[in-house]
Amino acid sequence: MSPARDDGRPGPADVSGLVRRLGLLEDRLRALEDLAVEESLRELLVRGWRALDTRDWDAWIACWAEDAVLEFGPWEAVRGREEILRTVRDAEEPYAHMQHHLLNTAFEVAGDRATGIGYMWFVAVGEEPDPGGPFQMGGPYDWDFVRTDAGWLVARQRLGVWWRAGEDPVGGLS
C-alpha cells in the first residue's frame, strides 16, 4: 500500500487496492445470493413433493407457475396449473402410500430464471400388501424455474423413467 498523500487522502495505489477488494466482495456477494436461491429452489421442491406424499394438492400445485408444463415419460406434455393438478391427482390419488425422493439436485441461476437437474426415486403401495414388494420407478428430473412476486415456482418439469421395479398396484403411472 502506498503512503497517503500529504493531505491525508489515499493515493492511487490505495484506491486501486480498494477497488480490487470491492470487486472481490461483490463476487462473494453474488455467490452467496446464488447459494440462497439454490436453497430456495431445493426448499420449494421438498415442500412440494412432500405435499404429494401427504396428498395436500393445494400446497403441491402452489409450487407451479400458472402456465407451467409437465412432461412425464409415459404421458403427453401437460400444460397449465389446473391440467397438471388434475392429471397428477388422478394418477396418484389411488395409491395407499407414496414416497417421492429427490436425489442429487443441482441448480443454475440466471437472474429471475433458474434451471435444475436431479433424480427421482418414487415408491408406492396399494391398499393390499404386495408380496413382491412396492412399486418403484426412477429417472432424471430436469426443471425450469421462474421467480415471481410470490417467490420461485416450477415453470417446466421434464421427468424421464429409466427403470421400474415391482407391479404398479393401481396402474396410475404406467
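The largest cavity has a volume of about 160 Å³, in a model that is predicted. The structure holds one cavity of 30 Å³ or more.

**Cavity lining**

- The largest cavity is lined by 16 residues, and those closest to its centre are Phe72, Val88, Glu92, Gln157 and Leu159.
- Two or more lining residues come from each of α1, β1, α3, β4, β5 and β6.
- Phenylalanine 72, one of the residues closest to the cavity centre, has a relative accessibility of 5% and therefore counts as buried.

**Nonpolar core**

- The largest nonpolar core has 40 residues, with Trp49, Trp60, Trp64, Ile84 and Phe145 making the most contacts inside it.
- At least two residues of this core are supplied by each of α1 (12-54), α2 (57-61), β1 (64-72), α3 (81-92), β3 (97-110), β4 (113-125), β5 and β6 (151-159).
- The element that gives the most to this core is α1, with seven residues.
- Leaving aside residues up to four places away in sequence, tryptophan 60 touches Gly48, Trp49, Ala51, Leu52, Ile84, Leu85 and Val88.
- Among these neighbours of tryptophan 60, Trp49 and Ile84 are also listed with the residues that have the most contacts inside the core.

**Aromatic pairs**

- Twelve aromatic pairs are present in the structure.
- One of them joins phenylalanine 72 and tryptophan 75 in an edge-to-face arrangement, 4.6 Å centre to centre and with 70° between the planes.
- In this pair phenylalanine 72 is buried, whereas tryptophan 75 is partly exposed, at a relative accessible area of 22%.
- The pair of tryptophan 143 and phenylalanine 145 is tilted, because the planes stand at 35° with the ring centres 6.2 Å apart.
- Both tryptophan 143 and phenylalanine 145 are buried.
- A cluster linked by ring pairs takes in Trp49, Trp57, Trp60, Trp64, Phe107, Tyr141, Trp143 and Phe145.

**Glutamine 136**

- Glutamine 136 lies in strand β5 (residues 135-148).
- Its relative accessibility is 18%, so glutamine 136 counts as buried, the cut-off being under 20%.
- The side chain of glutamine 136 makes a polar contact of 2.8 Å with the side chain of tryptophan 121.
- Not counting residues up to four places away in sequence, glutamine 136 touches Trp121, Phe122, Val123, Trp163, Arg164 and Ala165.

Key
Residues are numbered from 1 along each chain as its sequence is written. This is a predicted model: local features need pLDDT of at least 70, side-chain atom pairs count only at pLDDT 80 or more; totals for chains, interfaces and linings use all residues. Side-chain values use heavy atoms; hydrogens and water are left out. Helices (H or I, at least four residues) and strands (E, at least two) are DSSP runs, numbered from the N terminus. Buried means under 20% relative accessible area, exposed over 50%, partly exposed in between (1.4 Å probe, protein chains only). A polar contact is a pair of N or O atoms within 3.5 Å; within protein, one must be able to donate a hydrogen and the other to accept it, and residues adjacent in sequence count only if both atoms are side-chain atoms. Contact means heavy atoms within 4.5 Å. Rings of Phe, Tyr and Trp (its six-membered ring) pair if their centres lie within 6.5 Å; planes under 30 degrees apart count as stacked, over 60 as edge-to-face and the rest as tilted. A nonpolar core is a set of buried Ala, Val, Leu, Ile, Met, Phe, Trp, Tyr and Cys residues joined through side-chain atoms within 4.5 Å. On a 1 Å grid over the protein atoms alone, a cavity is a set of points where a 1.4 Å probe fits but cannot get out, and a pocket is an open set with protein on both sides within 12 Å along at least five of seven lines; lining residues have an atom within 4 Å of a point. Grid points are joined across faces, edges and corners, and a volume is the space filled by probe spheres set on the points.
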